[in-house]
Amino acid sequence: IVLEQNLTNISQVIGQPIHGILSANVFNGYLIEIDYRKHLIILHPHPWEVPKDYTAMDIQVYKGKPYLKTKIQLSHSAFQDVNLLLDTGASLSLLMYRDSSSHMKLPDKVIPGYLGSGLGGMLTGYVGRIQRINMDSFILYDVFTHILDIESDIGKNEKLVKNGLLGNQILEKFSIIFDFQHAKVYLKANKNFDYDMPAISLTVI
């Protein structure tokens, strides 16, 4: 599809020129390897054997998007089971929908304000840190987190599917291989794994 006019504000949201979008159909039939440190996306045709030093996790593929069931701990509360979108297009660490669960409470210390920009406009909510997130054998502590209140109809529908999303500031700590045909994601910690995530983000408006 070629648009005669730019009808989106994607370039403004991303902060750099975007000339088009590749749909999920382009990647059908491949295992998708993302190497954040080398800035590479590698497509491996099926069948291809994933290296043995990767950890396999089950995902749910819904409308072409990968979702991971995992556990988080807010402050010193009990662990909660959450369903998170693995969002390689999100330039943040962890975003949670505040009222996606009756057990979802704000961390002890949060700051209200703007969380950034989306295709629908400015996003507001809270920022803080949660105690930890468990991803199989990988554990991340003191995770910088955006907590979002969504009141739109689209937002309410999103919260029926997921509790939030994992963005690039967590995903870049791994080498990642997606296998959508078999509903698997494979992770291997890279040299970024032990680095702390930034506690501040700036938006130009």
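Biologist: In the loop between which strands is A183 found?

Modeller: A183 is found in the loop between β12 (174-179) and β13 (184-189), where strands are DSSP runs of E of at least two residues and helices are DSSP runs of H or I of at least four, both numbered from the N terminus. This is a predicted model, in which local features need pLDDT of at least 70 and side-chain atom pairs count only at pLDDT 80 or more, while totals for chains, interfaces and linings use all residues. Residues are numbered from 1 along each chain as its sequence is written, and side-chain values use heavy atoms, with hydrogens and water left out.

Biologist: Why is A183 called partly exposed?

Modeller: Buried means under 20% relative accessible area and exposed means over 50%, with partly exposed in between (1.4 Å probe, protein chains only); A183 has a relative accessible area of 24%, so it is partly exposed. Its phi is near 55 degrees, a positive value in a residue other than glycine.

Biologist: What makes D136 count as exposed?

Modeller: D136 has 52% relative accessibility and therefore counts as exposed. D136 also has a positive phi in a residue other than glycine, near 60 degrees, and its place is in the loop between β9 (121-135) and β10.

Biologist: What makes K188 and D53 a salt bridge?

Modeller: The term requires a side-chain nitrogen of Lys or Arg within 4 Å of a carboxyl oxygen of Asp or Glu, and the closest N and O atoms of K188 and D53 are 3.4 Å apart, which gives a salt bridge. K188 lies in strand β13 and D53 in the loop between β2 and β3, so the pair ties together parts that are 135 residues apart in sequence. Both partners are partly exposed, K188 with a relative accessible area of 28% and D53 with 45%.

Biologist: How many salt bridges does a search of the whole structure find?

Modeller: The search finds four, including one in which the side chains of D58 and K184 meet at 2.5 Å, N to O. D58 lies in strand β3 and K184 in strand β13, so this pair ties together parts that are 126 residues apart in sequence. D58 counts as exposed at 54% relative accessibility, whereas K184, with a relative accessible area of 26%, is partly exposed.

Biologist: What do the side chains of K71 and D81 form where they meet?

Modeller: They form a salt bridge, again at 2.5 Å from N to O. K71 is in strand β5 (residues 65-73) and D81 in strand β6 (residues 79-86), 10 residues apart. At 37% relative accessibility K71 counts as partly exposed, while D81, at 60%, counts as exposed.

Biologist: Why is one side of β2 and of β3 left without a neighbour in the sheet?

Modeller: The open sheet of five strands has the order β2-β1-β12-β13-β3, with antiparallel pairing, and two strands pair if DSSP finds at least two bridges between them. β2 (40-45) and β3 (55-58) stand at the edges, each with a single partner strand, so one side of each has no neighbour in the sheet. Neighbouring strands of this sheet are turned by 20 degrees against each other on average, direction ignored, where axes are lines fitted to C-alpha atoms (for helices over the stretch in contact) and angles run from 0 to 180 degrees between N-to-C directions.

Biologist: How do you know that β1 and β2 pair, and how many bridges join them?

Modeller: Six bridges join β1 to β2, which run antiparallel, and I32 stands opposite L43 in β2. In the loop between β2 and β3 is P47, and the peptide bond from H46 to P47 is cis, with omega near -10 degrees.

Biologist: Which way do the residues of β7 point, and are they buried or exposed?

Modeller: From strand β7 (residues 94-97), L94 and M96 point one way and L95 and Y97 the other, and all are buried. In a regular strand the side chains alternate between the two faces of the sheet. β7 is joined by four bridges to the parallel strand β10 (residues 138-148), where the bridge partner of L94 is T145. Three bridges join β7 to β11 (residues 164-166), which runs antiparallel to it, and there L94 stands opposite L166.
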